[in-house]
Amino acid sequence: MDLDVYVTAHRAEWERLDHLLRRGGKLTGAEADELVALYQRTATHLSIVRSSAPDPMLTARLTQLVARARATVTGTRRSSWRDAARFLTAGFPAAVYRSRHWWIPTAVLSTLLAVLIGWWIGTHPEVRAAIGAPVELREMTRPGGQYETYYSSHPAASFAAQVWTNNARAAAMCLVLGAFLGIPVLWILFLNMLNVGVAIGLMSSAGRLDVFLGLILPHGLLELTAVFVAAGTGLRLGWTVIDPGPRTRRAALAERGRAAVGMAIGLALVLFVSGLIEGFVTPSGLPTWARITIGIAAELAFLAYVYVLGGRASRAGAQGDLEEQDRSAELPTAA
């Protein structure tokens, strides 16, 4: 394509569009219709220029012109409670559902790692000796020791808030740092599983694994699921950097990144629930079976939320991304 000829042929339309945009709301009905038609044609021109003869200066000029026209034509949409409801009933569960092929394997492998670490520590006295002195380990694992009193060492409300903050930060880091090829996500995940594995190994070596499971399962099922979802999504984002698929890397990362931001908000709410359980249920005087039942119920409720609402929303086209009218239009690129 001869770029100079193309510019000469369409310059008048671009200048006319710019003139109408400068007039703002002082347009007649016919002029408003003309503005819409010029906006559509200019968007097509921009697409053709970018795919056939990508001149930086012309592309920048037309991009700015199309953006101004789009803002004028579509107007500014204000967020409402309806948007929040749509996010909670469709966007967030659909995003979790669509990333299940990442976070489910992450959950399985991470759990196996924690169990393996726990078995290694529990069956090898020399490993436990490297972790701490016998007196220190007994203080941690004895009845009324540190593992048991940890959940009741602070007032329930402040403890729940602290737990929620720490877990939400870890989940957000997994989502954000996933863009670095997922490597930081693997490290964060390993540290979490290492802590769980050490606790399993020490309590099992003291013959008190049942006590530990009774303390961690009520809140841990939902809490760890949220961490696994965040880690799996972060790893998916890292893989997008390596293999963006048929789209440009920028477009693919933009979509995955927007979905990750939404996931961070949704997972913060999930972790808020697990924090309440950890602050008020885990250290409570309820029987162990009752506390574990509450934890299992919360986990099953979340999974039903993801697979029922999320699956339905995903099949209807929801991706956990912004609504189409709020996203920048993707322009075709040269093959």
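**Figure 1. The second largest pocket of the predicted model, with a volume of about 680 Å³.** Of the 24 lining residues, Y150, N167, N192, N195 and E223 are the closest to the pocket centre. Two or more residues of the lining come from each of α8 (146-149), α9 (156-177), α10 (183-205) and α11. The largest contribution, seven residues, is that of α11. By class, the lining has 14 nonpolar, eight polar and two charged residues. Ala, Val, Leu, Ile, Met, Phe, Trp, Tyr, Cys and Pro count as nonpolar, Asp, Glu, Lys and Arg as charged, and the others, Gly among them, as polar. Pockets and cavities are found on a 1 Å grid over the protein atoms alone: a pocket is an open set of points with protein on both sides within 12 Å along at least five of seven lines, a cavity is a set where a 1.4 Å probe fits but cannot get out, and lining residues have an atom within 4 Å of a point. Grid points are joined across faces, edges and corners, and the volume is the space filled by probe spheres set on the points. Helices are DSSP runs (H or I, at least four residues), as strands are (E, at least two), numbered from the N terminus. This is a predicted model, in which local features need pLDDT of at least 70 and side-chain atom pairs count only at pLDDT 80 or more, while totals for chains, interfaces and linings use all residues. Residues are numbered from 1 along each chain as its sequence is written, and side-chain values use heavy atoms, with hydrogens and water left out.

**Figure 2. The largest cavity, about 120 Å³.** One cavity of 30 Å³ or more is found in a search of the whole structure. The lining consists of A95, R98, S99, T233, R236, L237, E255, R256, A259, A260, M263 and Q319. Five lining residues are nonpolar, three polar and four charged.

**Figure 3. The loop between α11 and α12, at G245.** G245 is partly exposed, because its relative accessible area is 40% (buried is under 20%, exposed over 50%, partly exposed in between; 1.4 Å probe, protein chains only). V163 is 82 residues away from G245 along the chain, and their C-alpha atoms are 38 Å apart.

**Figure 4. Helix α2 and the loop that joins α2 to α3.** In the loop between α2 and α3 lies D55, which is partly exposed at a relative accessible area of 28%. Leaving aside neighbours within four places in sequence, D55 is in contact (heavy atoms within 4.5 Å) with L3 and V49.

**Figure 5. Spans annotated "transmembrane region" in the unreviewed UniProt entry.** The annotation covers residues 102-121, 170-191, 211-238, 259-277 and 289-309; positions follow the numbering used here, feature names are shortened, and annotations may be inferred rather than shown by experiment. Residues 259-277 are 100% helix, with end C-alpha atoms 27 Å apart. Residues 289-309 are also 100% helix, and their end C-alpha atoms lie 29 Å apart.
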